[in-house]
Amino acid sequence: MMLPATASAFSARELATLVVEGLHLEDLDPQQLDLTAPLFDGGLNLDSLDVLEISLVIQQRYGVKLKADDPNNKAIFASLQSLADHVAAVLSARG
Amino acid sequence: MKHWTERSERGSVWLIRLIVWLARAVGRPLCRALLHPIVFYFVLTDGVARRASTEFLQAVNGRPTRWIEVFAHIYYFASTLLDRVYMAAGDFDRFQVTIEGLPLVDRALQPGGGCLLLGSHLGSFDLMILAHRALDSRPVNVMMRVDPRSRVRNIAGIDDGTLRVIPLGQPDSFLRAYDLLTQGEIVAVLADRVDGAASLPVNFLARGTAMPIAPHVLAARSGVPTLMCFGLYEGGNRYRIEFVESGATASSASRGAELQPVVDQYAAMLEQYARRYPLNWFNFYPYWRTDGGAT
């Protein structure tokens, strides 16, 4: 819809690398990760604590604060791709 | 260990249902008398709870458990279930509640920061209703599993509306807790059951088990002080809310095995209180058989 320009500024692959490093998932190769796999229940099998860790890493690296009271959180945290899209959208809205 | 907690909860559903019905049908003194045959029957028929109680009491007393002690243990549990019905209905006047350590909470909140309260199944976390009253106007949020399949809360008519609940098991549960803590609020979380999450091995009552690391990670990341919080039953109509210092929070970036000292601290403090209030141990499942829970 709106993403071709911003997607290059912040790619889901880059986020995958950040997540693998941030969560110390040493047994995963960020280049091989399925970006559309669900983050929870199957897929990457992350939990709520991992979400906090990821949020802190994203905040530190990109200055984007993920909010607990965002009504779209379910969609935002669906996959690495959706999370990257969200961060990219926030960054581009900031200009 | 999820299946154990669920199974033992299922097992006690009829107990809870019966107690709630009684509490509403007859007065508390008669209810407490009727708890004797009910608990007697429960001890006879619920092998999981009976064995868990026997094992815990043996560990805490350092000698074989007598039958009457298991009975007393379950009776304490049943008594708190009964009283929760009254508390859920807002009927607090009939209870004598001692509160210790409230100044610690205020001191923790002083610099404008939040405070993480580490709870346990020593005593009842649902007694956070009492703690909530004790905490008066201080902003307190309770992390708990709000599982529609868990009928216990529904049966007991516990109104979560009186507490600000952060439901566990949602993607943003811990993010929510973090936000509230860093905004200067109080968050309470149970820290003695692993439930499939990341854990570290600890010694508890001289036996190996595992305890979760998530609560300690939350404290470390948000950089808030932690206190332990107990809601204890002292027999009769007496309850006790205690806030206790549990030692330093882990440094902000700690992870994995670096959290061992704070998990050990928590386990040691829990053990100290378990020795002091053994009949308040409400983990009625095989607590020490958490093989494979550690990561």
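## Second largest pocket

A pocket is an open set of grid points with protein on both sides within 12 Å along at least five of seven lines. In this predicted model, the second largest pocket has a volume of about 260 Å³.

Both chains contribute to the lining of this pocket: Gly22(A), His24(A), Glu53(A), Leu56(A), Val57(A), Gln59(A) and Gln60(A) come from chain A, and Arg221(B), Ser252(B), Ala253(B) and Arg255(B) from chain B. Helix α3 of chain A, residues 48-62, gives the most to the lining, with 5 residues. Sorted by class, the lining residues are 3 nonpolar, 5 polar and 3 charged.

## Packing of α3(A) and α10(B)

Helix α3(A) packs with helix α10 of chain B, residues 214-222, at an angle of about 20 degrees, and the axes are 11 Å apart. Angles under 35 degrees count as roughly parallel, so α3(A) and α10(B) are roughly parallel to each other. Their crossing is left-handed.

On the α3(A) side the contact involves Leu49(A), Leu52(A), Glu53(A) and Leu56(A); on the α10(B) side it involves Ala214(B), Val217(B), Leu218(B) and Arg221(B). The residues of this contact divide into 6 nonpolar, no polar and 2 charged. Glu53(A), Leu56(A) and Arg221(B) belong to the helix contact and also line the second largest pocket.

## Largest cavity

A search of the whole structure finds 3 cavities of 30 Å³ or more. The largest cavity holds about 70 Å³ of space.

Its lining consists of Leu118(B), His216(B), Ala219(B), Thr226(B), Ser246(B), Ala248(B), Thr249(B), Ala250(B), Val262(B), Gln265(B) and Tyr266(B). Helices α10 and α11 (260-276) of chain B each supply at least two residues of this lining, and α11(B) gives the most, with 3 residues. The class count for the largest cavity is 6 nonpolar, 5 polar and no charged residues.

## Second largest cavity

The second largest cavity contains about 50 Å³ of space. Around it are Gly119(B), Ser120(B), Leu122(B), Ser124(B), Phe125(B), Met128(B), Cys229(B), Phe230(B) and Gly231(B).

Which strand gives the most to this lining? Strand β8 of chain B, residues 226-233, does, with 3 residues. By class, the lining of the second largest cavity has 5 nonpolar, 4 polar and no charged residues.

Definitions and conventions: Residues numbered from 1 in each chain as written. Chains lettered and ligands numbered in written order. Predicted model: local features only at pLDDT ≥ 70, side-chain atom pairs only at ≥ 80, totals over all residues. Heavy atoms only, no water. 1 Å grid on protein atoms, 1.4 Å probe; cavity = no way out; pocket = protein on both sides within 12 Å on 5 of 7 lines; lining within 4 Å. Points joined across faces, edges and corners; volume = space filled by probe spheres on them. Helix = DSSP H or I, 4+ residues; strand = E, 2+ residues; numbered from the N terminus. Nonpolar A, V, L, I, M, F, W, Y, C, P; charged D, E, K, R; others polar. Axes fitted to C-alpha atoms, helices over the stretch in contact; angles between N-to-C directions. Parallel < 35°, antiparallel > 145°, perpendicular 65-115°, else oblique. Left-handed = near helix turned anticlockwise from the far one by under 90°. Contact = heavy atoms within 4.5 Å.
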